[in-house]
Amino acid sequence: MKYHQFTDAEMLRVAREVELRGAQLYARAQKLDVSPDVMDMLKKLEADELSHAIQFERMMVEGADMGMQDEYRPETSMFLSAIAGEVVFPGGVLAGISEAQFSSVGALIRAAIAAEKDSLLYYYAAKEDASLRLAEALTRLIAEEREHLSQLQQML
């Protein structure tokens, strides 16, 4: 996994963007012809990812209050978000996704577990080079992702 060094504010934006991209993936997958139980799981996973994005947005606000300012113009922020989305999902969130991953609830959960593990690896790598403030935020972020991973593993 390729790790890019970001500022504190940028790293929090990366985390939020990863969650939003995951939610988009699950929302798009709901347009596939899938069984009702897979559809229910897709909706749950989308809601989980959106909930995490909201939590990471709160961390961004808290970070700004602690001096982790995002000092970019809106266009630059949008460009940074696009780049950030590629960090954990090289080639975009749909790269490497196959309909087989949506063929059963088990397959879907295994794909979600793989995505959570990739995110965790990225956040652990980012934490190694982080400032103290960002390391604290990443510790919270990692805890959230680990909890979600644990919940997914229990569903198998």
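Reader: How do the axes of helix 1 and helix 4 cross, and within what distance do they come?

Author: In this predicted model, the two axes cross at roughly 170° and come within 12 Å. Axes here are lines fitted to C-alpha atoms, for helices over the stretch in contact, with angles from 0 to 180 degrees between N-to-C directions. That makes helix 1 roughly antiparallel to helix 4, a label for angles over 145 degrees. Helices are DSSP runs of H or I with at least four residues, numbered from the N terminus.

Reader: Which residues make the contact?

Author: Helix 1 gives Met11, Val14, Ala15, Val18, Glu19 and Tyr26, and helix 4 gives Leu108, Ala112, Ser119, Tyr122, Tyr123 and Ala126. Contact means heavy atoms within 4.5 Å. By type, the residues divide into ten nonpolar, one polar and one charged. Nonpolar covers Ala, Val, Leu, Ile, Met, Phe, Trp, Tyr, Cys and Pro; charged covers Asp, Glu, Lys and Arg; the others, Gly among them, are polar.

Reader: Switching topic. How many residues are in the largest nonpolar core?

Author: That core has 34 residues, and Met11, Leu42, Leu108 and Tyr123 have the most contacts inside it. A nonpolar core is a set of buried Ala, Val, Leu, Ile, Met, Phe, Trp, Tyr and Cys residues joined through side-chain atoms within 4.5 Å. Buried means under 20% relative accessible area, with a 1.4 Å probe and protein chains only.

Reader: Which elements give two or more residues to the core?

Author: Helix 1 (8–29), helix 2 (36–65), helix 4 (105–128) and helix 5 (132–155) do.

Reader: And what is Met11 in contact with, leaving aside neighbours within four places in sequence?

Author: Phe6, Tyr122, Tyr123, Ala126, Leu134 and Leu138.

Reader: Where is Leu141, and is it buried or exposed?

Author: Leu141 is in helix 5 and counts as buried, at 0% relative accessibility. Beyond neighbours within four places in sequence, Leu141 is in contact with Ala15, Phe56, Met59 and Tyr123. Leu141 and Met59 are 82 residues apart in sequence, with 8.8 Å between their C-alpha atoms.

Reader: What about the chain overall: how many helices and strands?

Author: Five helices and zero strands. Of the 156 residues, 44% count as buried.

Methods: Residues are numbered from 1 along each chain as its sequence is written. This is a predicted model: local features need pLDDT of at least 70, side-chain atom pairs count only at pLDDT 80 or more; totals for chains, interfaces and linings use all residues. Side-chain values use heavy atoms; hydrogens and water are left out. Buried means under 20% relative accessible area, exposed over 50%, partly exposed in between (1.4 Å probe, protein chains only). Angles under 35 degrees count as roughly parallel, over 145 as roughly antiparallel, 65 to 115 as roughly perpendicular and the rest as oblique.
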